[in-house]
There are 2 protein chains.
Amino acid sequence: MRISTKGRYALRLMLDLAENNTGEPVRLKDVAKRQGISDKYLEQIISVLNKAGYVKSVRGPMGGYILSMEPSEYTAGMILRLTEGSLSPVDCAEEQGICEREDACATQILWKKISDAVSDVVDHVTLEDLLEWQESSRDNYCI
Amino acid sequence: MRISTKGRYALRLMLDLAENNTGEPVRLKDVAKRQGISDKYLEQIISVLNKAGYVKSVRGPMGGYILSMEPSEYTAGMILRLTEGSLSPVDCAEEQGICEREDACATQILWKKISDAVSDVVDHVTLEDLLEWQESSRDNYCI
DNA sequence: CCTTAATCCTAGTTTTTAACTATGAATTGT
DNA sequence: ACAATTCATAGTTAAAAACTAGGATTAAGG
């Protein structure tokens with residue numbers, strides 16, 4: 001029932017872009033350093049976000065990435081579904097006709113409830129919310 | 001974000017024991033056949049449920065397994081946590097001190113929300129609920 | 001134009017986990 | 001004694017996750 005590093009890193013990546021948004025593109029190498037994540041791995045992850053239009057890229061020196069929308073316009077669900085694939089605990093909870101037992105399987109109802117509960121959370125948390133949480137937790141962060 | 005076969009099979013196994021509870025022990029082989037699951041694999045899964053005291057075992061011929069409590073006393077959460085390990089999307093959401101970034105990481109709050117939402121579902125669905133759903137879906141099951 | 005710093009693209013590798021499979025010992029009803 | 005069951009442990013296979021590597025492409029600055 002784990003969320004993979006792809007999804008988690010993608011969220012932190014987007015959050016980092018939001019935090020460091022000065023209008024200028026942000027270098028991926030800097031994000032990688034700040035977040036302590038391999039930059040080569042981040043390249044793959046942001047490629048997906050880029051193709052989906054969630055970020056804009058600028059190539060060449062002084063290049064990097066910028067969010068293409070306001071933080072409030074991204075939900076965690078958008079980012080996680082894009083990078084994780086699906087957030088459903090089982091296949092049969094999101095699509096019909098996969099399981100030949102589905103007419104006689106009560107557990108499917110449970111999976112659907114779980115799936116809905118997860119969606120309800122991630123679809124109502126935006127990047128802006130994360131930013132706010134980040135800032136308020138920053139206050140009690142002593143280094 | 002998937003639930004593994006261990007957890008899913010364990011639920012179906014417990015549900016099968018509940019459905020076929022006549023007071024006599026139920027043979028694992030029969031469960032395996034009904035559910036279409038390898039009996040050797042089920043052996044491993046029920047071993048965990050047995051050690052936790054969720055089922056009682058009877059060895060030898062005419063042996064098998066029986067639920068040790070009423071269906072209403074088992075929640076899906078009990079069964080899934082036992083067989084799946086944890087239902088949390090990330091480690092840092094259930095235990096503190098794992099992530100050295102936790103004081104400055106807003107995503108942790110999101111993971112905790114997801115974790116709580118999932119718990120809220122699975123801790124309020126009992127085996128008895130599953131039994132009822134099973135019976136009502138049986139009605140529109142034509143074979 | 002040339003160098004350099006960035007993104008882009010694809011393929012390969014390693015590690016971990018999931019999902020069984022196999023073998024045989026222990027137990028017990030007939 | 002025999003046969004049917006659970007019990008215990010180890011081994012195997014397949015798939016997915018988590019990176020790693022190498023080079024192509026683009027564009028700013030001198």
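Reply: Start with contact. Two residues are in contact if their C-beta atoms, placed from the backbone, lie within 7 Å. Keep in mind that this is a predicted model.

Me: What makes the surface through which the copies meet the same in both chains?

Reply: Compare the two lists of interface residues. 100% of the interface residues of chain A are also interface residues in chain B, so the copies meet through the same surface.

Me: How many residues of chain A and of chain B are in contact?

Reply: By the 7 Å cut-off, 33 residues of chain A touch 34 residues of chain B. On the chain A side, α1, α4 (76–84), α5 (107–122) and α6 (127–139) each give at least two residues. The largest share, 10 residues, comes from α5(A).

Me: Why are the two copies said to be related as by a two-fold rotation axis?

Reply: Look at the superposition. A rotation of 180 degrees puts chain A on chain B, with 0.0 Å of shift along the axis and an RMSD of 0.1 Å. The two copies are thus related as by a two-fold rotation axis.

Me: Which residue of chain A comes closest to the rotation axis?

Reply: A:Met1, with its C-alpha at 2.3 Å.

Me: Which elements supply the surface near DNA strand C?

Reply: Both chains take part. α2 (28–35), α3 and β2 (64–67) of chain A each supply at least two residues, and so do α1 (5–19) and α3 of chain B. α3(A) gives the most, with four residues.

Me: And which residues come nearest to DNA strand D?

Reply: Of the 25 residues around DNA strand D, the nearest are A:Ser4, A:Ser38, A:Gly60, B:Leu28 and B:Ser57. Two or more residues come from each of α1 (5–19) and α3 (39–51) of chain A, and α2 (28–35), α3 (39–51) and β2 (64–67) of chain B. Here α3(B) has the largest share, four residues.

Me: How do the residues near DNA strand D divide by class?

Reply: Six are nonpolar, 12 polar and seven charged.

Methods
Residues are numbered from 1 along each chain as its sequence is written. Chains are lettered from A and ligands numbered from 1 in the order in which they are written. This is a predicted model: local features need pLDDT of at least 70, side-chain atom pairs count only at pLDDT 80 or more; totals for chains, interfaces and linings use all residues. A residue is near a molecule or strand if its C-beta atom, placed from the backbone, lies within 6 Å of it. Ala, Val, Leu, Ile, Met, Phe, Trp, Tyr, Cys and Pro count as nonpolar, Asp, Glu, Lys and Arg as charged, and the others, Gly among them, as polar. Copies are superposed by least squares on the C-alpha atoms of residues with pLDDT of at least 70 in both.
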